Amino acid sequence: ANTVNAFAKMDHDHPELFDEVASAAIPIIDSFNAQALANTVNAFAKMDHDHPELFDAVASAAIPIIGSFNEQALANTVNAFAKMDHRHPELFDAVAKAVLPIIDNFNQQALGNTVNAFAKMDHDHPELFDAVASAAIPIIDSFNEQALANTVNAFAKMDHDHPE
């Protein structure tokens, strides 16, 4: 996880390395903690390196421990899946369930990225969208242009109205 994350942070594309890391990670993916799982798929998505088997393995490993993911790891995970257009409804349902009790801890970027990922994957979850709207309203002034655009676009794409 740290290796591909470092390459992604440096924006250094090395497809062979990413393939080798995926091959090595899949058999031991259940030993990864929440941060390592999120960092791995985030690095692959940042480098636009498609590896469906790895994404499936990460989803399978993440679902049982989803409660240990922090706000950023939850948002980054669904964002990575959406960026790679990798559908995994069970993971998205698990993330939505994990987000709801901690939604007030999400910053503007995590709120925007989360609903944007759900919208991009056309994964409807009205309760999540309602919770994001309620959490966003008190901090709407802190949203930058991108977070605001992502959030509004997600609500529009999902045709989700919120009274406030």
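Buried here means under 20% relative accessible area, exposed means over 50%, and partly exposed is anything in between (1.4 Å probe, protein chains only). This is a predicted model, so to speak: local features need pLDDT of at least 70, side-chain atom pairs count only at pLDDT 80 or more, and totals for chains, interfaces and linings use all residues. Numbering starts from 1 along each chain as its sequence is written, and side-chain values use heavy atoms, with hydrogens and water left out.

**View 1. The two sides of helix α2 (15–25).** F18, V21, A22 and A25 are the buried ones in α2. They sit on the same side of α2, because they cover an arc of only 100° around the axis (directions from the helix axis to the C-beta atoms). E20 counts as exposed because its relative accessibility is 57%. Helices are DSSP runs of H or I, at least four residues, numbered from the N terminus.

**View 2. A patch of negative charge on the surface.** D13, E16, D19, E20, D48, D50, E53 and D56 gather here. Two or more residues come from each of α2 and α4 (52–62), and α2 gives the most, with three.

**View 3. D50 in the loop between α3 (34–46) and α4.** D50 is partly exposed, at 47% relative accessible area. D50 and K83 are 33 residues apart in sequence, with their C-alphas 10.0 Å apart in space.

Note on methods
Patches are made of residues with over 30% relative accessible area and no salt bridge: like charges are joined within 9 Å, nonpolar side chains (Val, Leu, Ile, Met, Phe, Trp, Tyr) within 5 Å. Accessible areas come from the Shrake-Rupley method with a 1.4 Å probe; for residues, only the protein chains shown count as cover. A salt bridge is a side-chain nitrogen of Lys or Arg within 4 Å of a carboxyl oxygen of Asp or Glu. Lys and Arg count as positive and Asp and Glu as negative; His and the chain ends are not counted. The place of a charge is taken as NZ of Lys, CZ of Arg, CG of Asp or CD of Glu.
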